[in-house]
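Biologist: I should like to learn how to read the features of a structural model, one at a time. May we begin with the pairing of strands?

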Amino acid sequence: MSQWPLWAVLAPGEPAQLESRARAIVMTDLDAELGKDQPFEVIPGSGRYHAIVGTDPSDVGAEMQLAEELSLECDEPVYSIERANDPWTVMSWRKGALDVLEDEDPEALAESLGCPLPGSEKTAEPSASKPLRTVALIEGVRAEEARRALEEDRGEPLPSGRYHLEDTPRGLLLAGGTGGMNFAHITLSERFPHATVYGVTASPALDDFSATVMRGGEGIEEFSWPPQVFPPFPVASDIKGERSPERILAALGIPAEWFLNE
Amino acid sequence: MLSLRVVDPGRLVVKAGTEVIAAGALGWGEDERLRVEPLESWPPETLPRVVSREPGREEVEVHVPVGAGAGQLLTLTYEWDWKHAGKPTLVRTWRLPSREQDIPLEWLGDELSESEWEDTPGDETDTLAFLSLQEGPLSVQVDPARPDLLWVPGYASREELASRLLGDASAVGAFDFEPREAPPDARGGPWLCVRVRQPEALVPELLAAVRGALDTRLEADVAWSRSRLTVMSLDRAGADALVERALRWSQRSDIVDGSGQSYFDRYLQALAPWRDEPPRWHLGDTLAQDWHFLGEASEPLQKAIALRSKRWKTRYTVTDGAPVLSPGDVVGRFHFPGGASVQVRVLVPLTEERSLERAEVRVRNLPSSGPRVLIPGGDGRWRGYSADFGLVAGAPEPLEHPEGDFSWYYPGTLLLRPGDWRVGLGGGTGELAALRRALLEAALAAATPEAPAPLLGLDHDVLSLLTLDERLGVFDTVLSGPALTSGLEEDAMHLLGRVVVSMPAGEFPTLERALTSGEVLEKLLSSNAPAKVLLGQAFTQKALASFPLVLASLDTLPTFHLGREGETAHLLNVPMGRVSTTLVASEAWDPKRGVGLGVEPALPGETAGASQRMALYFEPVRHEFQARYLSSAEEGQRSRALHPLEWVRVEVHGPEPRTHLMTAMELALLASLPDTSLVWAAVGRIGELHMVHGAVSALARAPLLSGVTVTTAEGGTVAAVHQFIGRMSLVTSLAVVDTWRDELTRTPEGRAFLAVHDVALVALAGRDMSRLATSGILRELAHRGGVVLSQSGARVSVGLRESVESLQALARTLERLLAEGKAVATPDGLRLSLPGGAEAFKQAFLAVRGELAAARALGGIRRAGLAAQEAEKTLEALKLLAAESQELALAYNAVARRAAALPADKAQAYLAAVERLRASARSAAKPTLAGLLHRSGAPSLKDPLAFLKQAEWLVGHPELEAEAVAELARKACSKRVDLGWLRSTGLSVEDLNVMARDKMTPWRLFQQAATEPGNLKVQLRAREQLRGLAAELLTERNARKLFPGFRMTGRQVKMKEGHIIDRELTSFEHSRIRHGVEVKGWTDNKWRQALDAWLAKQDAQTLNKQKIALVDQLQRLLDQLADAAKAPRGKPFLVITDSLSGPTKIKLINFLKEKAPGVPLIQLEEAKLLEQTKQWRAAFKMPEDLSGGAL
C-alpha cells in the first residue's frame, strides 16, 4: 500500500494475530466468503505497536470499530486515527472506552509508538513554475510608523531584512523580505483604517495579476488579470485609471522586478 | 445429551427441573486448553464431560438423565467470567418431555446452536475453507517456542509451500519437514512442521513474522538466562541448561534482525553484562568471556561461538579436521526434552560435492540406513558423513524423541534421518536429473538378486526415473532372490512400495499383472515385512489412478474383520487360486462396469477373450484367548474369489474401531502378515498412513498452481485454475473433515463415512479427477455423509455437521456438474464448461450446500408439527435467486444454514422475517438484499429477527435513494452503522439521504456523541464534523446558485495523488471540464487562528501543539487543492462560510492567491450553516449547551 492511509489503528500485539482479528472485525461475512481483499494492511512496527491502515473512504468508521474491539483484548491503549473528515480525529481507547486526543498529530503519535504510518501524504508542490508574490502600496503611512505597528503586532522587534519598507512620493512601498509578505499589508490596513492599501499579487511575468484595494482591513474592490469568474470582491475595472498590470504597477510606483523571484 | 461449544470462560449450571445435573467452572489453563473445574457449591460428579479441549473446538457435554425433571424446564445458566464478567448471565431453557422418552434431539441440539456459545466464525470458516484456500494464501504459523520452525497446512503440496514460504514454487527442496508431533495452538489441521533451510530467503512478510517471534522469544530467554547468571554458583545441571539455551540461539546465527545482527550475537550481547558481573568477574575478563565459570559445560558453547558468532570470540580453538572432518569429530549435540544431551559425531565421509543439492541427492540415495549429515566445508564444497550419537546400550535414541532439539556447530548442517524418504520429489531437470539417472543406472548395474543392497537406498526422486522395464527388473531382482526372506526383508519391501508410489499411474496396469501373477503374489503374501502395508496402499492408490475402479454401496461390499476385541482376535487367511476371467478390448470396455473377475480391460498387446488370472480368497479366523484354557481357533467360511482390484470393506476391531475400504490386494498384503502383532500394529497405523501417503505426501505432486501464472497446454491459466478448483476444493474439504476423525470414529456410520473419505483422499492422491468422478466414490461419500448426519442427529457436533455437509455438497456438486456435462473430468483435474468457470462452480456448490441446509431446516419445522409451506416457499424463492449471482447463492446458503441451526419455531419465524424483507424490498434496493440476507444468517449475529426488521425498514423506505440504501446496507452489514439507532434519530428523509450517501459519514462518532452527552471532547469533535457535513449539504443543495454553469457530478472523489475531494463539478460548456470542490465548514475563528499560526510558522516562531495542528490542516488543504488542480481537471473551488471578518477573509484570499493561485472562493450563508447544524444536533439528540462553547 503506497497510498496515504485515510484511517489507521495503532495497536499492541503480534502483527499476524492483529491482522486476523482485524479481518474478523472489519470484513463482512459476505466479503470474506467472496474472497474479497481485506480493506486494510498491517504495517509491522519496530516495537509492541503495529499499524492497521486503510485508504478506502468507504471504510471510514472501521478505525473506531477496530480500536474498540482490540482495546478489549489488551491492557495498553489502542489508538484510532481518522483523516478522512475534517478535522482529523485521534482517539485513545482503553477497554472499549474512548478518549478524544485534542490536537494530536497522527504521524507523530505513530512514530512515537514505533510504527510510522506509510506513504506520507504528497505535499503541495511549491509553485515553482509560477510563484506569486505580494507587494503593497500604503498611502498616508510612513515606513517608521509601519515598522512600529508591525513590531507592536508581533510583540518583538522585526529582524533585519524581514520586510522591505520604502517611503515614496506615492506612499509606503512594502514587500516581504526574508519571510514573505505574510499579510503585513493587511495588518497595516487594520492598524491604519483610513489609509488606502493597494495589495498587488502577481507572477513574475505579470500574467497572473490582481490588485486589491483595501481599507480598514476590508477588501473594497479588486482588479484581476485575467478576470476572475468568481471574484471575491467587487470588480474594479481600473486602478488609478490604469487597466493593464504594467501600467497599474507604474501608477502605484511598484517596480515590476519586485515580483521576480531570485 | 446436551452438547455445548465453549467460547468464553464462565460458570455453568444446568438444572433439570430443580435438580442440578451439571455444574462447573469453564476456563482456560496456562497451556491455553480448556479446563473444567468444580464449583464450590457442587460436587465434582456434576462436572460436565469434556468432549474436546482442542483450541477453537472446545466442547463439553452434559448428560440429561432419562426422566429427570420430566415435564419441567431444563435450565442452563452461564455466568460469564474474565473479561466478560459483569455481562448479563446467559439463561437458556427447554421444556423437558413430560414422560420418559428421549429429549427430541433435533431441537435440543439446535437450541444450543442458537446460543451465544456457538457464536463463532469457525462454523463458517469450516464450510468455506476449501473455497477460499485456493484464493487466499496458505496459512502459516510461526512456532512461538521455536520461531525458526513454521507450521503449515498438511494438505499443501511442496510446490504450494515453496511458493508461499519462499515466493518460488520451484524451491521444493529448500525446506524440510520436521517430525514434530504436537501442533501449536492452531485451529483445524492437519499441520506439518517445516524448517526452512535459509530463513533469510523467506518472503518478507513471513521473515518479519519470524523476526517478531524471535524478538519475543529472545526477550524471554534472555530474562531466563540472566536469572541463571545471577545465581551465585551454578551446578552442573544449571550450567547445562544455560548452555542448551545458548546453543538453541546459536542455531539462529543465520537469521539477522533489522540491524543486520544475528540473533545468536544478540543473545550473547544481551548476556554479556551479566556474564561479566560478580560473581563471575573474579575469573578475570578473559575467563568470563570464555564462559569458564560454567565449567566443563562451557565447551559446546565456546565451540558454537567460535564457529557461529561473527561478533564474539573466545580463546577456544576448534580442533576438528578441515576442510574434511575427521571420524569422531563432534558436529553437534542432541538435547532431550528432559535436559540430557548427547554428542553427534561424524563417522566416515560419504560424499563430496560442489553443491548442497548434488551432495544431498548422492547421500539420500545411498544404501546406508543410519543418520547422515551434510556439512559445508570451508573450501566451498559440501560433504556428507555418516553420523553417530555414541550411545551406550540402553541409552535413549535421539531419533525416537522428535520433541528434542539438535544443535549444530557448523552453520548449514543438514541432518538426514533414516527413513526420511522425500515423497513427491520428482527426477528434476538438468544436471540433477542427470546425476539421479547416473545413480540409478549404477544401482541397477550393481544390484543382483543375491545382493540387492545398492537398490535399497534409492529415494523417490531417483526411482521416479525408472522405465517400465527397469521397474519390472527391480521387482525381479528383489523377488527372485532371497531378499524377502533375509535380514533385508523390510528394506526390500519398502523399496517395492516406493517404486510403486513414485511410478506414473499410466504404467501401473502392466505392473499390476506382474504383481498379481502367481509366483510374485505368493512371495509377497508369504513375506513378514510390515512394509507390505505400504506396498498395499501404493497398490490401491495407483489402481485408483489407473483403473476404472467402481465403488458401489458400502453395504454390498465383501466385508472382513481384523483386530482384537476382548479375548477374540479376528484374522484372515489369504489363499489364492487361478480363476477364469475375460479380457475386454479397450475400445469395447465400459468403464462404468469397473474391474472384476469375469470382465476386465485388456492391456495393450493382450488378446481379448477368455483368460485366466490369480484371484484372492479370504478365510476369517477367530482366535479365542482364554486364561484358563488353551486358545482356540475357529475358521469361518472362505470368501468368494476376489479380483485383486476389487473393493473390500474392512472392519477393524479394537479400542478404536474403524472401517476401511481398500483393494483386495491391499487387504491380502495386510492380512497375510504372519506375525499377528505386526497385523495389529499395521491396522492401527492405517488411518495415519492414509494421511501421510494420501493427503500429504502424494498430494505433493498436485498440479503446480501458485497464483494465476501457471499455464497448461490447453486453455492456459484459466483452464489450470478450473482444474485446480475441482481437485483442490475436494482435497481441502476432505482435510477439514479429517479434523473430525476422532468424533466420526465413535459411530459405525461415522466409520463408514471415514472409510469412503479416506479412499477419496487416496484417489485424489493419484491426481486423477476423471477416475474419481467415474468411480462412484463421490456419490457414496455424499450418501454416507447423509447417513452420518441423519443417524447421529443432534449428537453430532456443529463443526462436524458443517464439515460433513460441506463435503457432501461438494461431492454432489461435482457429480451434478459432471452429469449435466457442465464439467469434464480430465486426468489433470476438472475442466469446467460453465460460463464464469470457477466462480460458477463455487456458485453451484453454494446452491447445493444451501439445499442441504434448507432440507434440514424444513425437516425440523415439519417434525415439530409446524406448518412449513411458507418457509418452503421462502427457501425455494431464495434458491431461485441463488442462480442469479454468487452473492445471492451465499445469502441463500447463509439463511438456510441459520434456519437449520434454529429451533423449529424460531426457524419458522426467522424465515418469515426473511420473506418480509424480500417482499418489502423496493426494486432500487434489491441489490442490497444479498448482503442483508447473508448478514442475517451469520452465526455471529445475535438477534437475526431484530436485524431483519431494521433491514426491512431500510429496503422498504419509499423515500430513501438507492445510493443511500446501498451505503447504509453495506455499513449495517459491517456493523459500522446501527440501523436501529439511526431510525430512532429525528433525521429528515432529505438529511438522511444526504448523510447516508456520503461514504465517509462518521456514524459511530455521532452515535457515540448521542450516547455520551457529558463527554465534552466527543461532543466538540462530533459538532465540528457535523458542521463540515452541513457545509457539504448546503453546497450541494445550493450548487446551482453557487456554481452557475456547472452541475454536481461526484462526491468524495479520489484525486490523482490520492486526496479525497468533497464534491466534483462538471462544466456545462462543451469542454465538460471537471472541477473539484473542497468544502470547509471552518468558523471565522478557526480560519483566523489557522492563518495566524501559518504566519507565525513563516516567522519561525515556536508553535504550540494546537497551532501545529492548524498549520497542518492548512497545509493539507493546499495539498488537496493542488492535487485537485492537476490536469485534466480545472481549478478547484474552495467553499467557506460567509461570516469571515474582513481581515480574515482578505488574508485567506491573499493566502490562496500565493499558495493556490486561481482557486475561486465560494461562500455559504453562515446562518443557514448554523441552522442546519443545530437541526442535526437536535435530530441526534446531542446536547445544545456545552460548557466548552458551541461551534
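Biologist: How many bridges join strand β11 (residues 209-215) of chain A to strand β12 (residues 218-225) of chain A?

Modeller: Strands of a sheet pair through backbone hydrogen bonds, in either a parallel or an antiparallel manner. In this predicted model, β11(A) and β12(A) run antiparallel and are joined by seven bridges. Within the pair, Ser210(A) stands opposite Ser224(A) of β12(A). The hairpin has two residues between the strands, and Gly216(A) adopts a positive phi near 60 degrees there.

Biologist: In what order do the strands of the open sheet of three strands in chain B lie?

Modeller: The order is β22-β21-β23 in chain B, and the pairing is mixed. β22 (600-601) and β23 (609-616) of chain B are at the edges with a single partner strand each, so one side of each lacks a neighbour in the sheet. β23(B) pairs with strand β21 (residues 576-584) of chain B in the antiparallel sense, over eight bridges.

Biologist: Is Val53(A) buried or exposed?

Modeller: A residue is classed as buried if 20 or more other C-beta atoms lie within 10 Å of its own. Val53(A) has 25 such atoms within 10 Å, and is therefore buried. This residue belongs to strand β3 (residues 49-54) of chain A. Between Val53(A) and Trp7(A) there are 46 residues of sequence separation, yet their C-alpha atoms are 5.8 Å apart.

Biologist: How many residues of helix α30 (residues 929-937) of chain B are buried?

Modeller: Nine of its nine residues are buried, including Leu929(B), Leu933(B), His934(B) and Arg935(B). The buried residues of α30(B) pack against α28 (886-901), α29 (904-920), α31 (944-956) and α32 (962-973) of chain B, and also against α2 (29-33) of chain A.

Biologist: Which element of chain A has the lowest mean pLDDT?

Modeller: Where pLDDT is low, the predicted coordinates should not be read in detail. The lowest mean in chain A, 75, belongs to α2(A), and the highest, 96, to strand β4 (residues 78-82). Chain A as a whole averages 88, with 94% of the residues scoring at least 70.

Biologist: How many residues of chain B are in contact with chain A?

Modeller: There are 67 residues of chain B in contact with 62 residues of chain A. Helix α39 (residues 1105-1124) of chain B contributes the most to the side of chain B that touches chain A, with eleven residues. That side of chain B comprises 26 nonpolar, 18 polar and 23 charged residues.

Note on methods: Residues numbered from 1 in each chain as written. Chains lettered and ligands numbered in written order. Predicted model: local features only at pLDDT ≥ 70, side-chain atom pairs only at ≥ 80, totals over all residues. Contact = placed C-beta atoms within 7 Å. Helix = DSSP H or I, 4+ residues; strand = E, 2+ residues; numbered from the N terminus. Nonpolar A, V, L, I, M, F, W, Y, C, P; charged D, E, K, R; others polar. Buried ≥ 20, exposed ≤ 12 C-beta atoms within 10 Å, placed from the backbone. pLDDT = per-residue confidence, 0-100. Pairing = 2+ DSSP bridges.
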